[in-house]
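Welcome! Please take a moment to look over the sequence and the 3D view, and then we will walk through some features together.

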Amino acid sequence: MAKEPASDLLFDGSEWSFATLSRAYEAIKEIAIGEMGLDVYPNQIEVISSEQMLDAYSSIGMPLMYQHWSFGKRFVFENELYRNGRRGLAYELVINSNPCITYLMDENTMPMQALVTAHASFGHNHFFKNNYLFRQWTDAGAILGYMDFAKKYIAKCEERHGLAAVEEILDSAHALMDQGVFHYRRPPRLSSEKVRERARERLEYEEQTYSDLWRTLPTATGSVGVEEAEREAGERKKVLNLPEENLLYFLEKHSIILEPWQREILRIVRVIAQYFYPQGQTKVMNEGCATYVHYTIINRLFDQGRMSEGAMLELLASHANVVFQPGFDDPRFSGINPYALGFAMMQDIERICTEPTAEDRHWFPTIAGNGDCMGTLKDAWENHRDESFILQYLSPALIRKFRLFQLSDRSADTFCEVASIHDERGYSAVRAGLARNYDPGANRPDIQVVDVDLLGDRQLRLRHRIKNGILLDEGRRDATLTHIRRLWGYDVSLAGVDDATDRVVYECSSKVS
């Protein structure tokens, strides 16, 4: 263990102790809360080994998680890459919970422990607590209790029904996680007590009153007219609240073959998918906020004489690696680095608020020169997601810095057209085009349940709204339909409909053999 420094420095050298971590935490907290005015959940910091970090990777970052073979498979994969030096590990992992849990790697140097504490325990923490998507769609105070319930519930199901039966349901539910989210209507929140009570009632119902007779309802016979069929279809859709975008929710509520414990497992997977829903829409903002916070805090500590030059050089080198943006012709290029774009936009907002140019005053009249950069940033962090944030705050200066332009690439053309450049009209088009790349509605497949006749053939009918001519991969599509059929128990059909013309482009099905 390192000995405590005698000077005003928070630490001296790379070695750390829990006393040093505590001292650095208090100094960071003083700046984050006292000077920057951040609003955070209580922090819970845990130091873990590299193997524990890999384990956290494999279980999607949750401290409490049920068992599934896919987690072990991912652990082996990540561990192999790490041990062979082909992939590094994150310096930290942070959980959107109350208290906010931050995992620090025990292999980190003390300067890095200070940086990631500022980054995660105050930057991400503030964003989790205040951003409107996280406030509306997640319950930080209940998630740990719910995950504890989920882990114990699935373990009991494995004891009662067998590992293979539980894994079969989990396999299909995991395959549908991306289609198991309410995107436009907020799901009701339940306390952990209500969840446990409902689960207990379902198990009792299963044991006492379960019967297969209701599944064998005869198929309706005879022919009906077109008008009668349309009227019945309309009534069905009204009763079942169709169309329905959340496939897991629909299967949980309406599948004829699922037993109560299987429905509860679908709900568990659906709740987890919903919990992660905001994170995919705020990657640029969340990482940009945390990076801006840690950069501001470590510079402030250095200015106060509490950080040595050696430590500062190490932290700036790490920071530069995080926000590095490779060029499009660089072998390392894989798209726009969310850390780079997010941090650059936060710094740019600070510049616009304190030292605006005439161009800034034209593009951002409400914030240019207001002198309140932290107030402006906190307002943006609270009220936007990536799409709207970029659409409102990406400046012409930053467009030039990142050398952004817009290409028009139509499949019928043999060439690409540079559609927008660095002029008045081009800046708006580039900003709007980049923002669309972060719009989840524009980039995810729009697949909905549109009809099912529970008293007829019971075929589940799905519709895929095709946008911009982008079709589903046939192999993955057919495999997913097989999972839906497993949970539904009857034939499942999918029709691809062009969103612009309503023309049916393809039809496919997965039938019960």
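How many salt bridges does a search of the whole structure find? The search finds 18 salt bridges, a salt bridge being a side-chain nitrogen of Lys or Arg within 4 Å of a carboxyl oxygen of Asp or Glu.

## About the model

This is a predicted model, in which local features need pLDDT of at least 70 and side-chain atom pairs count only at pLDDT 80 or more, while totals for chains, interfaces and linings use all residues. Residues are numbered from 1 along each chain as its sequence is written, and side-chain values use heavy atoms, with hydrogens and water left out.

## Charged partners

Side chains of opposite charge can pair when their charged atoms come close. Take E168 and R486, whose side chains meet in a salt bridge at 3.9 Å, N to O. E168 belongs to helix 7 and R486 to helix 22 (residues 474-488), so this pair ties together parts that are 318 residues apart in sequence. Helices here are DSSP runs of H or I with at least four residues, strands are runs of E with at least two, and both are numbered from the N terminus. E168 is partly exposed at 39% relative accessibility, and R486 is partly exposed at 33%. (Buried means under 20% relative accessible area, exposed over 50%, and partly exposed in between, using a 1.4 Å probe and protein chains only.)

Now look at R332 and D330, which meet in a salt bridge at 2.8 Å, N to O. R332 is exposed, with a relative accessible area of 57%, whereas D330 is buried at 18%. In another salt bridge, D360 and R351 have their closest N and O atoms 2.5 Å apart. D360 is buried at 1%, while R351 is partly exposed at 24%.

## A buried strand

Is strand 3 (residues 100-105) largely enclosed or open? Six of its six residues are buried, so strand 3 is largely enclosed by the rest of the structure. In a regular strand the side chains alternate between the two faces of the sheet. Here C100, T102 and L104 point one way, and I101, Y103 and M105 the other way.

Strand 3 also has partners (two strands pair if DSSP finds at least two bridges between them). Strand 1 (residues 43-48) runs parallel to strand 3, joined by six bridges, and Q44 stands opposite I101. Strand 2 (residues 92-95) runs antiparallel to strand 3, with four bridges; V94 has T102 as its bridge partner. Four residues lie between strand 2 and strand 3, which form a hairpin.

An open sheet with mixed pairing has its four strands in the order 6-7-8-9. Its edge strands, strand 6 (446-452) and strand 9 (504-510), each pair on one side only. Strand 7 (residues 460-466) and strand 8 (residues 492-498) are parallel and share seven bridges, with I466 standing opposite D498.

## Aromatic rings

The whole structure holds 14 aromatic pairs. (Rings of Phe, Tyr and Trp, its six-membered ring, pair if their centres lie within 6.5 Å; planes under 30 degrees apart count as stacked, over 60 as edge-to-face and the rest as tilted.) F182 and Y249 have ring centres 5.0 Å apart and planes at 65 degrees, so this pair is edge-to-face. F182 lies in the loop between helix 7 (163-175) and helix 8 (192-209), and Y249 in helix 10 (residues 247-254), so the pair ties together parts that are 67 residues apart in sequence. F182 is buried at 2% relative accessibility, whereas Y249 is partly exposed at 24%. Elsewhere, F127, F128 and F134 form one aromatic cluster.
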